Every structure is written in structure tokens, then in C-alpha cells.
Amino acid sequence: MRLGISIAESSRRQPKPFWTAPAYRAESAGGGAYGPAAILDLRRDRHALTTVPTADILSGSFATLAALAARPLTDILAFTRSGTATYIDADGLIRVAAADQPRFDYTHGKRQLLLEGPATNLCITRNLPQLTLGENTIVTHMPDETGPDGVRGNVYRVQMPAAPSTFVRFANSVGGGGPVVMSVYVRQFDAAKRQFSIAVDGKVDSVLEATEEWQRYESAYSQSYGTAALGNNAPSAASDVYASDILVAFPQVELGLVATSYIPTNGTTVTRPADKAQLSPAVAALLKRDQVSVLVQARLASAADNGRILGLDIANWLIGQASASGAGFSAWNGSSATTRLLPAGVTSLDDFGAAVNLDEAGTALAAGEVISTTNASAPKSSYAPFSDAYLGRSSTGAYSNGWYDQLVIWPFRMTDADLQAKAVTYE
């Protein structure tokens, strides 16, 4: 009887490194298939970087740069944030990340790196009885109820009969004429009285219904000069027409049109500092090569005119948001922008893959499995800000709030056909 296996058999059975998968290889425009020089796979927490020293990356050959080694996240991405911030964990609960710690968020049921700019919660407290209440509104602390953070003590029962003056005012004098968004976690208490509404300046856009599970509800208004409140109005109703009896936690009022992650408050407004995810010097050196192809897979939280998905300084970027409608992406080549509009019915608020080819012959941008026209390009030497590169922002702001899946960089210009094939959602 023969026991065991030979060394040769054992080596054949060893799993191959993830970066050898065919999906990572690409045909260079000059011929020959090569792999990437950097992979930041945030979804699966696996990362790899070329073994070529940073000082030699600019002159390294495709083949040598494609020799990768597994690396920790901190070798590829330097993450900072000057304070704490919340995120949703794998169990769907609100958690708090310490300062300078990345947030791997499960809002969409999968692990993604959440990146956001600064935001301020104008609702000064989560302790609802301390807020302004309508005279016919009853708010009761429910210490035995577990909140959306999995903790007891932060839940309040809100009773609003079908009568005038029924509201919980979360903030006064908000917006200054600009957009404002209000959000709050709500759960059903009395199934027969689960309807409620969110009003800004007394405007109600829809009647909402609480469920048996905690959910975050939000409502945005393009202009506001007054108050943000929880109520029981119907759209355009002159009076409070629904009887509401619901559980409420963690109110938030922000400037803007889309709610960001919850910002805890306890007596005063609080500003969450911005996330800063800066690519390492080796990765920045790859972007400075005469040829480069880059893929970002993500899902954005909001559209923006000036957002930077992969940013440099405010005037330079590799992948940006093309418009406030979320209709597409842009790439900058040092002299002009290339824009790729997405297929009808698809926006950057859906899962996407956007890829860019760049060399001195021109720039090509692919998104939504469609490739743009190639534009002429300025010399790479004109890109002074390439010494720094950031995921989800530029060096001076211009944030692209959202959930990031993966960044891949090839040290050559791949064929347009391969670029189109890579510009798909994360699998």
C-alpha cells in the first residue's frame, strides 16, 4: 500500500495566487499578454503589488512589473481620518470605526470600502425628548428595545395621533436655501399605525411605512429655509392625517441631497471628518509611467459634477464623475477630458466598472461595456500632481462618496477590446 503523495503531486495541488487568474491578464497594444502590477481587491481583502522597487518602476518592463507578491492593504493604501465614523457590519448593525481606520461596510450585503467626504449632523441629539415636540406628540424612552446598533437604550416610541401639532422637530433653520436631507431609523411598533412622513419646511413628498425590522428612511429637498421634522402628514396635506405609533432611533439632518453614514450626536452638532485613502508611492509611480491602464469597480452614493473616483489634484484626475446626473464618467489626459456616458437607465449609483487607457498617443475610457472615442493626450511630464493619487477624492476635496470594490493597474496600455472587457462590475 502506497501512502502519501509525491512532492511533485503536492506542488501541483497548491492553489495558484489569485492574480494569475485569466481575468487579470490583458493584451498590450504593442502585443503580448501580461498581468497587472497592482491589485487592490477590497471586496475579498486580497492585495498584490509588483516586486520591482519603487525607484525602478518607471523604467521596468511589462514582464518584470507583472511579477507580484501578496501585500497587506497598508502597503498599497495609506488610510487616514481624523475622527471616528460609523459603518454597517456584516450583521447589518451600525458600528463605529476608530480614527484612521478604514470602514468595510455591508450596506449592500457585501464587503466594500466606504469612502466619504465631511458631513455634519445638524440634529443635536439622538435623545428625542430633548428635541422640540408637537403638543399632541408623545415620545417615550424604550430602554429594553434593541436599536439598529444592536444596543439597548437608544430607542424611542413616537406616538402621533391624527390631530394637529404632531411632530418631532429634528432641526431648525436648516439649509440656508440649499438642499437638505433628513434620515432616521424607524421600526414598526403598532402595525395598524405604521405610517409616518419626513417633512422639511412642512413639505412632504411621500408617506412611509415602518416594517418589523429597523430600516433607515431618508427624504431630500432641493431647497430649505426652515425646519426638518418627523410627522404624519400626507403629501400636500394641510393637516396631520395619519395616526403614527412607531419606534425611532438615530435622527440625522445634513446639507445635501443624499444621506451619508450616521453621525452620532449628544447635545451639539457633530461633523464627521473626511476619509483619505492615498495610494502608496509605488502605486503612484505606476500611474506616472508612459503607459498605464486602470480599472476601478465601485458604487457611488451620489452624483456630482466634480467628483473624483481616482483623483490627483482638483484639476487633474484619472477617473471622475461626469455630471450631477450620474450619467457617466470622465478621464483627464493633461489637456482635455474624455467622457463616457452610460447606457440608458444606468448611472454611477449602480455597481459599475470604469477603465482608462492612457499614454501620449491618447486616452480611452470604457464604462458600461462601451468604449469612448480616443482623444489626443498631453505629455505625461505635464502631470505634476501624479506624485499623489487618491481613491474616492482628489488631494483638495472633490469627493466621490461611495463603496469601492477593487482597483487594478496594468503598467502598459492594453488594447481597446481588453479595456472594454475589463470595464464591468466586480464579480
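R81 sits in the loop that joins β6 (77–80) to β7 (85–88), where strands are DSSP runs of E with at least two residues and helices are runs of H or I with at least four, both numbered from the N terminus. The model is predicted, so local features need pLDDT of at least 70 and side-chain atom pairs count only at pLDDT 80 or more, while totals for chains, interfaces and linings use all residues. Residues are numbered from 1 along each chain as its sequence is written, and side-chain values use heavy atoms, with hydrogens and water left out.

R81 counts as buried because its relative accessibility is 2%, the limit for buried being under 20% relative accessible area with a 1.4 Å probe and protein chains only. A polar atom of the R81 side chain lies 2.7 Å from the backbone oxygen of A98, and a polar atom of that side chain lies 3.0 Å from the backbone oxygen of Q101. Apart from neighbours within four places in sequence, the residues in contact with R81 (heavy atoms within 4.5 Å) include R103, P273 and D275.

Elsewhere, 5 strands form an open antiparallel sheet in the order β13-β14-β22-β16-β20, pairing being assigned if DSSP finds at least two bridges between two strands. Its edge strands, β13 (138–141) and β20 (215–221), each pair on one side only. Strand β16 (residues 180–188) pairs with β20 in the antiparallel sense over 7 bridges, and V180 has Y221 as its bridge partner in β20.

Taken as a whole, the protein has 4 helices and 34 strands, and 52% of its 427 residues are buried.

Notes
Buried means under 20% relative accessible area, exposed over 50%, partly exposed in between (1.4 Å probe, protein chains only). A polar contact is a pair of N or O atoms within 3.5 Å; within protein, one must be able to donate a hydrogen and the other to accept it, and residues adjacent in sequence count only if both atoms are side-chain atoms.
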